[in-house]
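Dear colleague,

I am passing on the structure that we spoke about, and I would be grateful if you could look through it alongside the notes in this email.

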Amino acid sequence: MSTRLPQLINGEFQQSQTDTWIPVTNPATQEVLCEVPAATAEEMESAIQSAREAFLEWRETPVSERARVMLRYQHLLKEHHDEIAEVLAKETGKVFADAKGDVWRGIEVVEHAANIGSLMMGETVENVARGIDGHAWTQPLGVCAGITPFNFPAMIPLWMFPMAIACGNSFVLKPSEQDPMTPNILAELFLRAGAPKNLLQVVHGGKEQVDTLLTHPEIKAVSFVGSVPVGQHVYRTATDHLKRAQCFAGAKNHMVVMPDARKDQVISNLVGASCGAAGQRCMAISVAVFVGESKQWIDELKDELAKIRPGAWDDENAAYGPQISPKARDRVLTLIKQGKEEGASCLLDGSDCTVDGLPDGNWVGPTLFSDVTPDMALYKEEIFGPVLCCMTVDTLEEALELVNNSPYGNGTSIFTASGAAARKYQHEVEVGQVGINVPIPVPLPFFSFTGWKGSFYGDQHAYGKQAVRFYTETKTVTSRWFDDDIPDGAHGGPNMTI
Ligand code: NAD
C-alpha cells in the first residue's frame, strides 16, 4: 500500500479518518507516489476552529516577532530548496531547473513578508480638528483560506499564507489534490521555523472541502488560484457568504511581434514561453501575433520548436515534462485535433509524442499552428499544453484590437525595438501584466500579481501592498485627550452638530 499523506491540523501532522483516498501519481510514469485524503467534515471543522484559536493569540504577537518567523522560514526554505524541488519535480513532472524556479519564486514572497512592519504601517494626521488626531490602523481579519492549483505547488501556496500570517491572520490551506506533497513539506518547514503550531492548517481534498471553506462563517477571506469555472464558483460562493475573495483564474496570453524586433530573441523567447512547464503556466504565451513582415519568421520558429522535447524531471536534455494527468493530456490532444478540423495549419504536431523508456508518461510534443482565427476553439480555449498558435495582422492597432477583444487579461508581451510602439502597447492594452521584450512578465513580490478581466475576480491582487490590503481591515481612530489648558468646545455645553 502506498504512503498516505497526513494533514496538518491543530499543530500535528495526523492521518485522516476518511475512507476517500485520492492517488497522487508521477505523471512521467503513472507510479503512485502517495494517496491524499479527502478531509472529513469533522477534520475541516477542527482545522478551522484550531485556526480561530491561533488567531486570537497571534494577533497580539508583536509585528517584529511575526517578521522573524518569516526570516527563519526563508532561511529554512533556502536550505531545503533542492529537496523541495525534487519532490515537486516528481509529483508535477517539471524538469528540475523549472521545479527549482517554482520554489524560488515562492521564497521571494516569504522575503517580502518579512518586511511586514513597514508594509502594515498605517496613516496618521495630527490636528484633524483642534486638539484631535486621526489615525488609520491596519488590523488582521481572522482565519483566511487558500485554495491552490496543481501547476505551482510551491509558489502559489507561498503567495498566500506567508503574507496572510505575517499580517496577523491564521490560515487554512487546501492545496491541489494532484500534487499535495510539496505543500505538506512547506507546512512542515513552517512549523520548524517556529511558527505557533496551529497558525497554519493544511487540509486536503477537492470540491467538498473547498465548499466548506467558502461557506464557513469563521473564514473571513478566501484566496483562490485555478481554472475559470472553479474561480467563478469560488468567487460567487465566497462573496455570497459575505467573505472577501480574490480569485486568479485561467488565461490566454499573447505575444505581439513587431517587424523591427530581433528575430533570434523573438524565436527563443517564444519557444520557452509557450512550451516551458509543458505550457501549464497561467502566464504561458499561447498566441503569437505576428505584425507585418515578422510573419516570415514562423518557419524558423517551427524549426526551433522541433528541436526541443519533453522528458523526465531529471533528464537534463528535456526542455519540459509531461502534462499533469492522462485527462489533461487527452484534453490537449482533443484541442489539437479540433484545431486541424477547424482549418488551422498544423506546422508541428506533438500528438504522437513518445519518450524513450517512459511509455506511460502524459507526453505532448511541441505543437505549432498557424492561420489561427479568433472563432476557433484553439484560440478561445485555454489549452494549457505545449501548443503555440500563430496569428497575423498588418498593424500594431490591429494587434491591440485582437488582444483587447480577448476575454482574458492575465499577461501579454510585445517584442520591438521601438519605444513608441512599446509605449503605445503598454498604455492601450487591456491586460494586467505587460512585458516589453520580456515574454513572461511576472512581477516581483514588492509589486502585485495583477491579472485583469476574465483572469481575475476581485480587486486586491496577490502579494505586494495589495495582499496586505486584502488580508487586513483598516480601522480609523479619532482621538482627543482632555487637557485643562484646552477648553472642551468653544461655546460650552454639548456639541449637537456632526
Ligand atoms: P482547478 O480549478 O481544477 O483546481 C484549483 C483548485 O480548486 C484545486 O485545489 C481543486 O481541488 C479545487 N477545485 C477543483 N474543482 C473544484 C470545484 N468544482 N469546486 C471547488 N473547488 C474545486 O485548476 P488546476 O487545473 O489545478 O490549475 C490550472 C488552472 O489554474 C489553469 O486554468 C491556470 O490558468 C490557472 N492558474 C491561474 C493562475 C493565475 O494567477 N491567474 C496561476 C496559476 C494557475
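This is a predicted model: local features need pLDDT of at least 70, side-chain atom pairs count only at pLDDT 80 or more; totals for chains, interfaces and linings use all residues.

Residues are numbered from 1 along each chain as its sequence is written, and side-chain values use heavy atoms, with hydrogens and water left out.

Aromatic rings

The structure holds 15 aromatic pairs, where rings of Phe, Tyr and Trp (its six-membered ring) pair if their centres lie within 6.5 Å, and planes under 30 degrees apart count as stacked, over 60 as edge-to-face and the rest as tilted. One of them joins tryptophan 159 and phenylalanine 449, whose ring centres are 4.6 Å apart and whose planes stand at 40°, so the pair is tilted. Because tryptophan 159 belongs to helix H6 (residues 155-166) and phenylalanine 449 to the loop between strand E19 (434-436) and strand E20 (452-453), this pair ties together parts that are 290 residues apart in sequence. Helices (H or I, at least four residues) and strands (E, at least two) are DSSP runs, numbered from the N terminus. Tryptophan 159 is buried at a relative accessible area of 3%, and phenylalanine 449 is buried at 2%; buried means under 20% relative accessible area, exposed over 50% and partly exposed in between (1.4 Å probe, protein chains only).

A second tilted pair is made by phenylalanine 161 and phenylalanine 171, with ring centres 6.4 Å apart and planes at 50°. Phenylalanine 161 is in helix H6 and phenylalanine 171 in strand E8 (residues 170-174), ten residues apart. Phenylalanine 161 has a relative accessible area of 0% and is therefore buried, and phenylalanine 171 is likewise buried at 0%. Ring pairs also link Trp159, Phe248, Phe449, Phe456 and Tyr463 into a cluster.

Lysine 94 lies over the face of phenylalanine 152, at 3.8 Å from the ring centre, the criterion being that NZ of Lys or CZ of Arg is within 6 Å of the ring centre and within 35 degrees of the ring normal.

Around glutamine 466

Glutamine 466 is placed in helix H16 (residues 464-470) and, at 18% relative accessibility, counts as buried. Its side chain makes a polar contact of 2.7 Å with the side chain of histidine 461 (a pair of N or O atoms within 3.5 Å; within protein, one must be able to donate a hydrogen and the other to accept it, and residues adjacent in sequence count only if both atoms are side-chain atoms).

The sheet

Three strands form an open antiparallel sheet in the order E5-E6-E22, two strands being paired if DSSP finds at least two bridges between them. Strand E5 (123-129) and strand E22 (472-480) are the edge strands, each pairing on one side only. Four bridges join E5 to strand E6 (residues 132-140), and threonine 124 stands opposite histidine 135 in E6.

Backbone

Most residues other than glycine have a negative phi. Glutamine 30, however, has a positive phi near 75°; glutamine 30 sits in the loop between strand E3 (21-25) and strand E4 (32-37) and is partly exposed at 26% relative accessibility. Tyrosine 463 also has a positive phi, near 40°, and is found in the loop between strand E21 (456-457) and H16, where tyrosine 463 is buried with a relative accessible area of 2%.
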